[in-house]
Amino acid sequence: MGMNHDMVGFVYPDSKPYLVTAEKIAAFAQAIGDDNPIYFDQDFATSLGHKSVCAPPTFPIAVTLTVMEEYFNDPALNMNYSRIVHSDQRFEYTRPIEVGDELVVRTSVEEIRPLGGNEMATFRTDVLSNDKLVVTAWSKLVVRGEE
Amino acid sequence: MSIDFEQLNVGEELPGLELQFTRADLIAYANASGDQNPIHQDEIVAKSVGLPDVISHGMLTMGRAIRVVTDWVGDPTSVVEYSVRMTRPVVVPDDGKGATVKFGGKITQINANRTVQIELSAVCDGTTVLGQAKAIVAFK
């Protein structure tokens with residue numbers, strides 16, 4: 001009943017583009033309760049040398065999670081979606097996410113391995129704009145074994 | 001950036017933060033992030049999977065923890081790497097008060113390429129909720 005280990009190394013087709021707007025950045029910053037003006041104030045962001053307001057460090061998850069969720073239900077992976085716990089998250093930033101970015105997510109299955117009676121799966125998501133890397137995110141999920 | 005890289009020391013602590021997590025915060029985060037998993041909103045579902053009550057999105061805790069670094073450094077885009085392990089859930093009761101999480105940060109490495117590693121801590125009710133939480137900040 002475990003996950004399909006043959007899927008390690010599999011790269012899913014690129015996602016549909018996600019258009020970044022000032023409103024989406026502001027809504028996310030507001031939801032995490034962060035009032036840093038760089039997320040809201042165009043003039044302030046410009047004064048720091050940015051083209052527009054920039055997205056908070058964990059904003060990429062709002063882009064990658066909905067893409068990954070589709071794959072969690074992929075029968076080829078045989079992942080028990082109802083037993084998933086998000087255990088680790090990592091981001092490596094190449095450049096800030098800005099207004100006007102059309103973000104495309106390229107997801108690959110990096111690792112699947114047993115962990116006690118559970119299984120652990122790592123998804124790597126490269127987030128690109130105009131074919132250039134913006135940020136890479138790794139999401140590690142534990143699939144809790146059946147009791 | 002107002003911080004002088006040359007003056008930083010390993011072991012130096014960053015100003016901490018104490019933040020409330022309420023049910024309203026979880027709903028707002030679910031809507032902004034697209035993570036509508038009911039364990040973050042519905043206590044019947046949360047309890048049915050063995051949780052004591054509704055829990056925060058781990059990514060909301062992660063999103064708030066980094067403020068220790070970004071409030072300190074000013075420009076959040078100087079964070080070049082950020083990673084956490086979600087070790088324990090933040091349980092958010094529906095009592096109007098919610099949960100309180102204390103966040104802290106400490107400089108653990110200063111590198112020749114003008115980057116600084118900061119170890120973050122997040123404690124709720126005396127329990128560590130984020131482990132191996134680290135950010136790398138690049139100075140110009």
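This is a predicted model: local features need pLDDT of at least 70, side-chain atom pairs count only at pLDDT 80 or more; totals for chains, interfaces and linings use all residues.
Local features are reported only at pLDDT of at least 70 and side-chain atom pairs only at pLDDT 80 or more, while totals for chains, interfaces and linings use all residues. Residues are numbered from 1 along each chain as its sequence is written, chains are lettered from A in the order in which they are written, and side-chain values use heavy atoms, with hydrogens and water left out.

Chain A has three helices and five strands. Helices (H or I, at least four residues) and strands (E, at least two) are DSSP runs, numbered from the N terminus. Along the sequence, the order in chain A is β-α-α-α-β-β-β-β. The C-alpha atoms of chain A fill a box of roughly 55 × 30 × 20 Å along the principal axes. Chain A contains 147 residues, and 52% of them are buried. Here, buried means under 20% relative accessible area, exposed means over 50%, and partly exposed lies in between (1.4 Å probe, protein chains only). The accessible surface of chain A is about 6,900 Å², with 52% supplied by carbon and sulfur atoms. Such areas come from the Shrake-Rupley method with a 1.4 Å probe; for residues, only the protein chains shown count as cover.

Contacts were also counted, a contact being heavy atoms within 4.5 Å. In chain A, 68% of the contacts with a separation of 6 or more join residues 24 or more positions apart. Lys and Arg count as positive and Asp and Glu as negative, whereas His and the chain ends are not counted. Each charge sits at NZ of Lys, CZ of Arg, CG of Asp or CD of Glu. Chain A carries 12 positive and 22 negative charges, and their mean positions are 3 Å apart.

Thr125(A) gives a local view of this chain. Thr125(A) lies in strand E4 (residues 118–129) of chain A. Its relative accessible area is 0%, so Thr125(A) is buried. Leaving aside residues up to four places away in sequence, Thr125(A) touches Thr64(A), Met68(A), Val105(A), Arg106(A), Thr107(A), Val135(A), Thr136(A) and Ala137(A).

Chain B has four helices and five strands. From the N terminus, its elements run β-α-α-α-α-β-β-β-β. The C-alpha atoms of chain B fill a box of roughly 55 × 30 × 25 Å along the principal axes. Of its 140 residues, 49% are buried. The accessible surface of chain B is about 6,400 Å², and carbon and sulfur atoms hold 48% of it. Among contacts between residues at least 6 apart in sequence, 67% join residues at least 24 apart. Chain B has 12 positive and 17 negative charges, with mean positions 3 Å apart.

Over all chains, the structure holds 15 salt bridges. A salt bridge is a side-chain nitrogen of Lys or Arg within 4 Å of a carboxyl oxygen of Asp or Glu. In chain A, the side chains of Glu111(A) and Arg113(A) form one at 3.2 Å, N to O. Glu111(A) is partly exposed at 29% relative accessible area. Arg113(A) is also partly exposed, at 31%.

In chain B, Arg23(B), Glu43(B), Asp53(B) and Asp94(B) are linked in a network of salt bridges. Arg23(B) meets Glu43(B) at 3.0 Å, N to O. Arg23(B) lies in helix H1 (residues 23–33) and Glu43(B) in helix H2 (residues 43–48), so this pair ties together parts that are 20 residues apart in sequence. Arg23(B) is buried, at 12% relative accessibility. Glu43(B) is partly exposed, at 30%. Arg23(B) also meets Asp94(B), at 3.9 Å, N to O. This pair links distant parts of the chain, with Asp94(B) in the loop between strand E2 (79–86) and strand E3 (99–110), 71 residues from Arg23(B) in helix H1. Asp94(B) is exposed, with a relative accessible area of 56%.

The two chains also meet each other. In all, 27 residues of chain A are in contact with 28 residues of chain B. The chains bury about 2,400 Å² between them, 55% of it on carbon and sulfur atoms. Buried area is the accessible area (1.4 Å probe) that two parts lose on being put together, summed over both. Ala31(A), Ile32(A) and Tyr93(A) supply 20% of the area that chain A buries against chain B, more than any other three residues. Three salt bridges are counted between chain A and chain B. Asp34(A) forms a salt bridge with Arg67(B), with the closest N and O atoms 3.9 Å apart.
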